[in-house]
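Please read it alongside the model.

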Amino acid sequence: MQKSKGELSSRILFTLSILLVCRVGSFIPIPGVDSVALASLAEQSQAGILGMFNMLSGGSLGRMSIFALAIMPYITASIIIQLMTIAYKPLENLKKEGETGRRKINQLSRYLTVLFAAFQAYGVAIGLESTATPYGPVVIIPSFIFKVSTITTLVVGTMFLMWLGEQISSRGIGNGTSLIIFVGIISGLPSAVIGMFELSRKGVMSPLAVISICAGVIAMIAIIVYFERAQRKVLVQYPKRQVGNKIYGGEATHLPLKLNTAGVIPPIFASSILLFPATVAGFSGEKSEFMASLSHYLGHGKALFILLYVFLIMFFSFFYTAVVFNSEETANNLRKHGAYVAGKRPGKNTSEYFDYLLTRLTVIGGLYLSVVCVVPELLMNKYSVAFALGGTSFLIVVNVVIDTFTQIQTHLFSSRYEGLVKKMKLKER
């Protein structure tokens with residue numbers, strides 16, 4: 001038992017040291033950028049999609065550090081490869097090959113990450129060179145060398161973060177990519193809390209409003225924990241079979257269907273789409289009347305923004321649930337192993353039953369995601385609370401904490417199990 005605790009402590013220390021490297025790297029700027037002009041640009045872009053990416057990167061994008069792209073290209077590549085495993089037959093067959101196929105798919109994700117990171121880095125370099133602020137141009141000396149150095153630095157930074165995440169997953173406490181995003185989000189939390197209390201000190205917010213927001217945050221965390229842990233357990237039975245004089249099988253188990261199967265993907269996709277017009281309007285030198293009105297009505301807390309936000313969250317909830325959980329494949333796998341859902345015929349009838357359950361679960365899960373994401377938007381619109389307190393960040397932070405504690409508990413239970421097995425073997429001797 002003492003050995004398992006020591007191993008767990010070393011894993012936690014290793015994870016913390018890797019996360020410290022990530023935070024240090026987020027403060028190392030790329031060469032050739034004026035920091036004062038860059039700070040002015042980051043402040044102007046806070047309301048758009050760049051503000052969301054800056055939050056997910058822990059401020060790296062606003063500081064234009066070597067980790068400015070964060071780990072987002074890798075996440076995007078992984079999602080696209082996951083979608084292609086359904087639409088593209090060779091990748092679907094590769095997915096069914098087990099561990100070997102999984103390694104090949106991961107390698108494809110890495111190659112696609114390099115392409116995405118290079119494309120985004122090129123866009124960042126071009127955008128920085130063409131941007132000027134009241135404090136002067138962002139790039140000190142625009143040149144071909146600046147483009148090459150920026151692209152190389154940002155791509156290497158993203159791949160290094162991806163490698164660090166894999167190290168945490170294999171040698172740390174797991175969930176490396178999620179933990180890197182988690183640390184980036186909570187790094188902006190102290191400044192958000194200080195800003196809220198500063199608004200209260202200046203009289204912009206009443207002390208009662210501050211207390212209400214704090215109580216609301218606690219209630220929001222409790223709601224997220226409850227819904228993320230909620231499951232619909234489907235009873236699965238295995239028939240009895242006789243081999244010689246012995247009877248095997250006849251066991252019953254449960255197939256858990258999560259209430260929120262899509263996770264945090266729907267809010268992230270919905271936010272990216274809705275914040276894109278504000279980003280374009282912020283970068284365009286001369287705003288057209290259409291773009292100005294569009295960015296106004298799609299501002300945080302506006303009625304049109306809220307309606308579209310809820311619609312897109314519901315849409316992506318159904319879409320990504322269909323991607324993650326294949327009812328027909330699950331029903332066929334149960335039939336191959338001789339299992340069946342209680343009261344349902346194997347095959348098509350079981351598949352239709354899974355679709356029936358998932359449709360109703362996804363409606364509840366989508367409404368839960370909508371409430372969690374819309375309430376902070378209304379608060380930000382009324383009290384101008386910092387972006388770090390958004391619903392998407394709430395979901396990511398709470399989910400990562402739940403997954404991390406689950407990983408720690410799993411490690412402790414497996415260590416205890418190994419210890420008990422060793423003791424039983426020693427007694428038998």
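## Cysteines and basis

The whole structure holds zero disulfides, a disulfide being a pair of cysteine sulfur atoms within 2.5 Å. C22 is buried at 8% relative accessible area. C214 is partly exposed at 31%. Buried means under 20% relative accessible area, exposed over 50%, and partly exposed in between (1.4 Å probe, protein chains only).

The model is predicted: local features need pLDDT of at least 70, side-chain atom pairs count only at pLDDT 80 or more, and totals for chains, interfaces and linings use all residues. Residues are numbered from 1 along each chain as its sequence is written, and side-chain values use heavy atoms, with hydrogens and water left out.

## Salt bridges

Side chains of opposite charge can pair when their charged atoms come close. The structure has four salt bridges, each a side-chain nitrogen of Lys or Arg within 4 Å of a carboxyl oxygen of Asp or Glu. One of them joins E129 and K147, with the closest N and O atoms 2.8 Å apart. E129 sits in helix α7 (residues 99–129) and K147 in helix α8 (residues 144–171), so this pair ties together parts 18 residues apart in sequence. Helices (H or I, at least four residues) and strands (E, at least two) are DSSP runs, numbered from the N terminus. E129 is buried at 19% relative accessible area. K147 is partly exposed at 21%.

K258 and E228 meet in another salt bridge, 3.9 Å from N to O. This pair links distant parts of the chain, 30 residues apart: K258 is in strand β6 (residues 252–258), E228 in helix α11 (residues 207–229). K258 is partly exposed at 36% relative accessibility, while E228 is buried at 7%.

E198 forms a salt bridge with R201, the closest N and O atoms being 2.4 Å apart. The two are three residues apart in helix α10, so about one helical turn separates them. E198 is partly exposed at 28% relative accessibility. R201 is exposed at 62%.

I186, L189, V193 and F197 form a nonpolar surface patch with about 290 Å² of accessible area together. Areas come from the Shrake-Rupley method with a 1.4 Å probe; for residues, only the protein chains shown count as cover. Patch residues have over 30% relative accessible area and no salt bridge; like charges are joined within 9 Å, nonpolar side chains (Val, Leu, Ile, Met, Phe, Trp, Tyr) within 5 Å. Helix α10 (residues 189–201) supplies the largest share, three residues. L189 is in this helix and is partly exposed at 34% relative accessibility.

## Aromatic pairs

There are nine aromatic pairs in the whole structure. Rings of Phe, Tyr and Trp (its six-membered ring) pair if their centres lie within 6.5 Å; planes under 30 degrees apart count as stacked, over 60 as edge-to-face, the rest as tilted. Y226 and F227 are edge-to-face, at 5.4 Å centre to centre and 90 degrees between the planes. Y226 is exposed at 59% relative accessibility. F227 is partly exposed at 22%.

F325 and F354 are also edge-to-face, at 5.9 Å and 85 degrees. F325 lies in the loop between α14 (303–324) and α15 (327–336), F354 in helix α16 (residues 348–383), 29 residues apart. Both F325 and F354 are buried. Ring pairs also link F269, F315, F316 and F319 into a cluster.
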